[in-house]
Amino acid sequence: AETIKSILQSDGYAATTVERSDFVRTQYESRVGTTDVDDNGLGEWAAARKREDGDGCFARELAGLWNKDVRPEMVVSGIRSPAEIDALEDVFGSGTVTTIALWAFPEKRFNRKYDAFMDDDHEMYDTFMERNTRELDEWGCADLYLDESATDFVVSNNNDTVHLQRHLLIVVDSVYGTILEGPIESPFKGKDINEFRNLL
């Protein structure tokens, strides 16, 4: 999100970033009255709220942070499902939301999060897999990768930062200006859920 903001700003756009997970945490703290919660506890609370108020509830509330007077480009990090994209479009207008789905192998994400190789003996392995399953299956993250109508771009984050920055520059340029090269094709195009599972 910060990389996209920097690209937009270098092109002369006002831009701001919002982290959905941070927003959910502040909502938890204000509603429950405590900061004492781990990732899975927060996820369970968020899932219960979504069952009660709808899958797009957090995205709709988060969109309310947009400053209508300044009107910067809002780069929202951490969207979890097509329902949240729909909620953003309800607020900002149809066709005004561009969705970029980043993906990385579980081993990569585990290593980055815990600075350790993914191993089922690692103390955080079960917590990581529980969250992974919840987000893919219960929250609809899988649909962001498999449903071509839900996502505009799918970008690999399996390499270094320079590689990611280059791909995000191509994406931003194709949305706001001249396309530098051919569009990035989703690696999941035409794949079914079982093939997808082998990757994520």
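How close do the axes of helix H3 and helix H7 come, and at what angle do they cross? The points below take up this question and then turn to other parts of the structure, which is a predicted model.

1. Helix H3 comprises residues 39-53 and helix H7 comprises residues 125-138. Their axes come within 10 Å and cross at roughly 20 degrees. Because angles under 35 degrees count as roughly parallel, H3 is described as roughly parallel to H7. The crossing in which H3 passes H7 is left-handed.

2. The contact itself brings Asp39, Asn40, Gly43 and Glu44 of H3 together with Thr127, Glu130, Arg131 and Arg134 of H7. By class, the residues of this contact are five charged and three polar, with no nonpolar residue among them.

3. Helix H1 spans residues 2-10, and its residues Ile4, Lys5, Ile7 and Leu8 are buried. These residues cover an arc of only 160 degrees around the axis, and they therefore lie on the same side of H1.

4. Ala14 is partly exposed, its relative accessible area being 44%.

5. Which residues does Ala14 contact, once its neighbours within four places in sequence are left aside? The contacts are with Pro72 and Glu73. The C-alpha atom of Ala14 is separated by 17 Å from that of Ser77, a residue 63 places away along the chain.

6. Most residues other than glycine have a negative phi. Asp115 is not a glycine, yet its phi is positive, at about 55 degrees. Asp115 belongs to the loop between helix H6 (106-114) and H7. Is Asp115 buried or exposed? With a relative accessible area of 70%, Asp115 is exposed, as the term applies to values over 50%.

Note on methods: Residues are numbered from 1 along each chain as its sequence is written. This is a predicted model: local features need pLDDT of at least 70, side-chain atom pairs count only at pLDDT 80 or more; totals for chains, interfaces and linings use all residues. Side-chain values use heavy atoms; hydrogens and water are left out. Buried means under 20% relative accessible area, exposed over 50%, partly exposed in between (1.4 Å probe, protein chains only). Helices (H or I, at least four residues) and strands (E, at least two) are DSSP runs, numbered from the N terminus. The arc is that of the directions from the helix axis to the C-beta atoms. Axes are lines fitted to C-alpha atoms, for helices over the stretch in contact, and angles run from 0 to 180 degrees between N-to-C directions. Angles under 35 degrees count as roughly parallel, over 145 as roughly antiparallel, 65 to 115 as roughly perpendicular and the rest as oblique. A crossing is left-handed if the near helix is turned anticlockwise from the far one by less than a right angle, and right-handed if clockwise. Contact means heavy atoms within 4.5 Å. Ala, Val, Leu, Ile, Met, Phe, Trp, Tyr, Cys and Pro count as nonpolar, Asp, Glu, Lys and Arg as charged, and the others, Gly among them, as polar.
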